Amino acid sequence: MQRLLIATTNRAKLAEYRLILRNLGIELELVSLADVGISETPEETGATFTENALLKARFYFERARIATLADDGGLEIDALGGEPGVRSHRWLGSGGDDSDEALVAEVIRRMKGVETARRTARIRATLALIHEENGLLREKTAEGAIEGVIADRAYPEIRTGFPYRSVLVIPGRNCYLGELGDEQEAQISQRRIAVLELREELERIAAGRAAG
């Protein structure tokens, strides 16, 4: 089975990708940064999710030399001009509390008193896939988003590494994103939407047409 590096140390994210690819019938051995012994991290200097996803994918591909999938994403709140956006995981600054609980609390605080019609938001992800085929590098990006509204109060259970799922309510399902089980979320997740755009490239890798 061909290997695909998921450029993350987040085991929950790795499990999510495994579930998405399994449901799509794409057979790949997914490995994490820890699995391939990479502890270095690039500085995320991009102004957009796409720039950061590509930056990370290239950084880790150069070190692992196997097909690599990296992503970048976060929460975009319309009433806040798209914040926290590309700064979703660094929203409170280098000297602030960057815990999941602190990020959730900041969303609720900033949105206090905002009328329902202006509480629209989305969780967006951009994926960047790099692999080598016949001596040539192939790069492709794709993005997906889950649309919703920011709740007045946070869902009490905050899933580690995914704080914004506790503040986004999905109107069509009338529940928090964080309330959905793994299988339910895998059917609508922003990563699944993006993976579908990358399906042809992933199937090329799975078929062994990519190096590594």
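**Close-up views of a predicted model**

**View 1. R65, a residue with positive phi.** R65 has a relative accessibility of 45%, which makes this residue partly exposed; here buried means under 20% relative accessible area, exposed means over 50%, and partly exposed lies in between (1.4 Å probe, protein chains only). This is a predicted model, in which local features need pLDDT of at least 70 and side-chain atom pairs count only at pLDDT 80 or more, while totals for chains, interfaces and linings use all residues. Residues are numbered from 1 along each chain as its sequence is written, and side-chain values use heavy atoms, leaving out hydrogens and water. You will find R65 in the loop between α2 and β3; helices (H or I, at least four residues) and strands (E, at least two) are DSSP runs numbered from the N terminus. Although R65 is not a glycine, its phi is positive, near 60°. Most residues other than glycine have a negative phi.

**View 2. N134, in the loop between β4 and β5.** Here is another positive phi in a residue other than glycine, near 55° at N134. N134 is exposed, with 73% relative accessible area.

**View 3. The cis peptide bond from E83 to P84.** Omega is near -5° for this bond. Most peptide bonds are trans. P84 sits in the loop between β3 and α3 (100-110).

**View 4. L75 in strand β3 (residues 68-77).** L75 is buried, with a relative accessible area of 0%. Neighbours within four places in sequence aside, its contacts (heavy atoms within 4.5 Å) include E83 and P84, along with V107, I123 and Y164. R122 is also a contact of L75: the two are 47 residues apart in sequence, yet 5.8 Å apart in space, C-alpha to C-alpha.

**View 5. Helices α1 and α5 crossing.** The axes of α1 (residues 11-23) and α5 (residues 190-197) come within 10 Å and cross at roughly 50°. That angle makes α1 oblique to α5. Axes are lines fitted to C-alpha atoms, for helices over the stretch in contact, with angles from 0 to 180 degrees between N-to-C directions; under 35 degrees counts as roughly parallel, over 145 as roughly antiparallel, 65 to 115 as roughly perpendicular and the rest as oblique. From α1, look for K13, E16, Y17, I20 and L21; from α5, R191, R192 and V195 make the contact. Four of these contact residues are nonpolar, none polar and four charged (Ala, Val, Leu, Ile, Met, Phe, Trp, Tyr, Cys and Pro count as nonpolar, Asp, Glu, Lys and Arg as charged, and the others, Gly among them, as polar).

**View 6. The buried residues of α5.** Q190, R191, A194 and V195 are buried in α5. They lie on the same side of α5, because they cover an arc of only 130° around the axis, the arc being that of the directions from the helix axis to the C-beta atoms. Among the elements covering them are α1, β3, β4, β5, α4 and α6.

**View 7. Helix α6 (residues 199-206) and its buried residues.** E201, L202, R204 and I205 are buried in this helix. Seen down the axis of α6, they fall within an arc of 155°, so they line one face of the helix. They pack against β1 (3-6), α1, β4 (120-133), β5 (136-150) and α5. Just after α6, G208 takes a positive phi of about 90°.
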